[in-house]
Amino acid sequence: MSQKTLVEIKNLKKHFPIKKGILGRTVNYVKALDGIDFKISEGETFGLVGESGCGKSTAGKTMLRLLTPTEGNIKIGGENISALSNKELQKRRGGFQMMFQDPYTSIDPRLTVKDIIMEPLQIQNMYNKKSRKKEVDKLLYEVGLNSRHANRYVHEFSGGQRQRIGIARALALNPKFIIADEPVSALDVSIQSQIVNLMQDLQESHGLTYLFIAHDLSVVKYVSDRVGVMYLGKIVELGNKEEIYKKPLHPYTQSLLSAIPQPNPRKEKERIILKGDVPSPSSPPSGCTFHPRCKYAMDICKVKYPEFREVNGRKVACHLY
């Protein structure tokens, strides 16, 4: 794997205003992303995990400027895209694309498969009409479909086939970086492995770099090189997947990994049950945001957020270290 950095995220924040009253006065903010930092190397698959509502999908959409960041820098290929105007951003869209969670709602049902895949080529003014048709056929073949599917509509396909269409659309502009936002969570278990294996084959053949967002820790372990664990808008642990899955440091990561089903019923496994509910991102707890649910919580945890520091080759935000 190349060590050259392709994606660099620094202090990325996304705060959504809460408005009240007739005049729509802002009374508070939902801190969906509250300052995250990480890098992704060329050819790497970086997994981003955490329970629902932790800010994973918001991170993906903000990184591609589908949502405007509140603060922070987003560098892709050495260029700070958070500083680009909408017109400049559109010219560079071909370099980074997104695969969405639901392959039905993310695709226009009024368009044929051919038009869906051809649309980004038309927007970027790539190829002539005849060449675009050839490119569509080539992309369909690469994702396991064929030219006969080109004139059909999305409702005529199964969930797995729809996701293949979404992958073909993401590949149309020959990107180097793809954010996959829970790409298999809406699919049957029997189809998930097919899509994941297809993504890995395409990564090798096209030289792709992935940010793989998921809540299924088993899938993330299978596809990722490194893993970042999110809780309430922040990354609390980041490191090599083998190290994190073998010996998680952060108490939240320990709880997440304890929930992975054990295939051997004779092998006992301790299940760590977290107390309480996930706090609201509009009024997070003081200090470490995980302290109300942490069995190791100390006095300092209630008043000071821990530094995101390096421990044994990985990074973790916890006062225990």
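**Cavities, cysteines and a strand**

Author: With the cavities. There are four cavities of 30 Å³ or more. Keep in mind that this is a predicted model.

Reader: What makes a space count as a cavity?

Author: A cavity is a set of points where a 1.4 Å probe fits but cannot get out. The largest cavity has a volume of about 100 Å³. Its lining has 15 residues, and Cys288, Cys294, Cys301, Cys318 and His319 lie nearest its centre.

Reader: How many residues in the lining of the largest cavity are nonpolar, polar or charged?

Author: Twelve are nonpolar, three are polar and none is charged. Cys counts as nonpolar under the classes used.

Reader: And the second largest cavity: what lines it?

Author: Its lining includes Met98, Met99, Phe100, Gln163 and Arg169. The space in this second largest cavity is about 50 Å³. β6 (96-99) and α5 (159-171) each supply at least two lining residues. α5 gives the most, with four. By class, the lining of the second largest cavity has six nonpolar residues, three polar and one charged.

Reader: Why is Cys288 called buried?

Author: Buried means under 20% relative accessible area. Cys288 has 9% relative accessibility, so Cys288 counts as buried.

Reader: Is Cys301 buried or exposed?

Author: Buried. The relative accessibility of Cys301 is 8%, so Cys301 falls under the 20% limit.

Reader: Now strand β10 (residues 234-240). Why is β10 described as largely enclosed by the rest of the structure?

Author: Six of its seven residues are buried, so the strand is largely enclosed by the rest of the structure.

Reader: How do you know that β9 (residues 226-231) and β10 pair?

Author: Pairing takes at least two bridges. Six bridges join β9 to β10, and the strands run antiparallel. Gly228, for one, has Leu238 in β10 as its bridge partner. Two residues lie between the strands of this hairpin, and Leu232 takes a positive phi near 50 degrees.

Reader: What joins β10 to strand β12 (residues 314-317)?

Author: Two bridges, with the strands antiparallel. At least two are needed, so β10 and β12 pair. Leu238 stands opposite Lys315 in β12.

How values were computed
Residues are numbered from 1 along each chain as its sequence is written. This is a predicted model: local features need pLDDT of at least 70, side-chain atom pairs count only at pLDDT 80 or more; totals for chains, interfaces and linings use all residues. Side-chain values use heavy atoms; hydrogens and water are left out. Buried means under 20% relative accessible area, exposed over 50%, partly exposed in between (1.4 Å probe, protein chains only). On a 1 Å grid over the protein atoms alone, a cavity is a set of points where a 1.4 Å probe fits but cannot get out, and a pocket is an open set with protein on both sides within 12 Å along at least five of seven lines; lining residues have an atom within 4 Å of a point. Grid points are joined across faces, edges and corners, and a volume is the space filled by probe spheres set on the points.
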